[in-house]
Amino acid sequence: ERIFFTLNNEKALLHLEGLSLRRAFYLPVPKFYGQMAEPPEAHTIEPLTIYVHVNRRTGPMSHRTIKLVTRILHQHTDVKFLIRFCKYTYSDDSLNKKIDKALRRPNVEILPGEQNHIDYLAAIEKSDMVLLPYDPVEYRGIVSGIFCEAAAMGKVAIIPAGTWMADHLTEGRATGVLFDENSVDDMVDAIERAIQDRKRLQAEAYRNAPSFREENSCAKNLDGMLELARHPKDMLLSCVPL
């Protein structure tokens, strides 16, 4: 029989995300992070550096990155941005050129859309904070690899509330600031709060990093899979057809 879903705004997304809500998705994330970064007090290079990761799940904020960065730099001329627009974030080359032209300034660096693993981790390592300007709905049922790298490297994460990532913050396993909506105003407010509380947040993020990288590792993921293998399967859908 054919099953029909009523695709109706957020309600439909909540039902569809249930397709991914299996115990296996809540295993520790298998990641290799490289060496721990230096503690915040060892940083002698200014200004404060914010890494921004823009991908296809960023939603409307993909097109509003110019406005977001411009507003922050208007208030904080000593902040530097490292921005990566991942490959296929945009399908319109003219938009890429517009963003590149608008953000061409001394304290903004546009990173390549494709990077090898070494360069990718190096960009995060030389940042102080990592902004993931994602649509909260997109990340309610999935994990984020770059969030794991940020937390494991002792970086302050600026991320959407109501997500798997946010759970790590509220439960004290990682450190950062939450925003509620995928909007410029909410993200500017979150960045401002992070900047104002920078010293405390950076120290706390560094303290949390060792335990986070130990828990979310390849070894822990394998242990989790072996443990699940000893229990009955639980792969039934957790959504209800409408």
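Reading rings, a helix face and a buried Asn

Modeller: At 4% relative accessibility, Y139 counts as buried, because buried means under 20% relative accessible area, exposed over 50% and partly exposed in between (1.4 Å probe, protein chains only). Bear in mind that this is a predicted model: local features need pLDDT of at least 70, side-chain atom pairs count only at pLDDT 80 or more, and totals for chains, interfaces and linings use all residues. Residues are numbered from 1 along each chain as its sequence is written, and side-chain values use heavy atoms, with hydrogens and water left out.

Colleague: How do I read a pair of aromatic rings?

Modeller: You describe it by the distance of the centres and the angle of the planes. Rings of Phe, Tyr and Trp (its six-membered ring) pair if their centres lie within 6.5 Å; planes under 30 degrees apart are stacked, over 60 edge-to-face, the rest tilted. That rule gives three aromatic pairs. Y134 and Y139 are stacked, 4.3 Å centre to centre with 10° between the planes. Y134 is buried, with a relative accessible area of 1%. F147 and W164 are edge-to-face, at 5.9 Å and 80°. F147 sits in helix α5 and W164 in helix α6 (residues 164-170), so this pair ties together parts 17 residues apart in sequence. Ring pairs also link F147, W164 and F212 into a cluster.

Colleague: Where do those helix labels come from?

Modeller: From DSSP runs, numbered from the N terminus: helices are H or I with at least four residues, strands E with at least two.

Colleague: Which residues are buried in α4?

Modeller: In α4 (residues 117-125), they are Y120, L121, A123 and I124. Down the axis they fall within an arc of 155°, so they line one face of the helix; the arc is taken from the directions from the helix axis to the C-beta atoms.

Colleague: And N182: buried or exposed?

Modeller: Buried, at 11% relative accessibility, in the loop between β6 (176-179) and α7 (184-196). Its side chain reaches the backbone oxygen of P133 at 3.3 Å. A polar contact is a pair of N or O atoms within 3.5 Å; within protein, one must be able to donate a hydrogen and the other to accept it, and residues adjacent in sequence count only if both atoms are side-chain atoms. The backbone oxygen of T58 also lies 3.3 Å from a polar atom of the N182 side chain.
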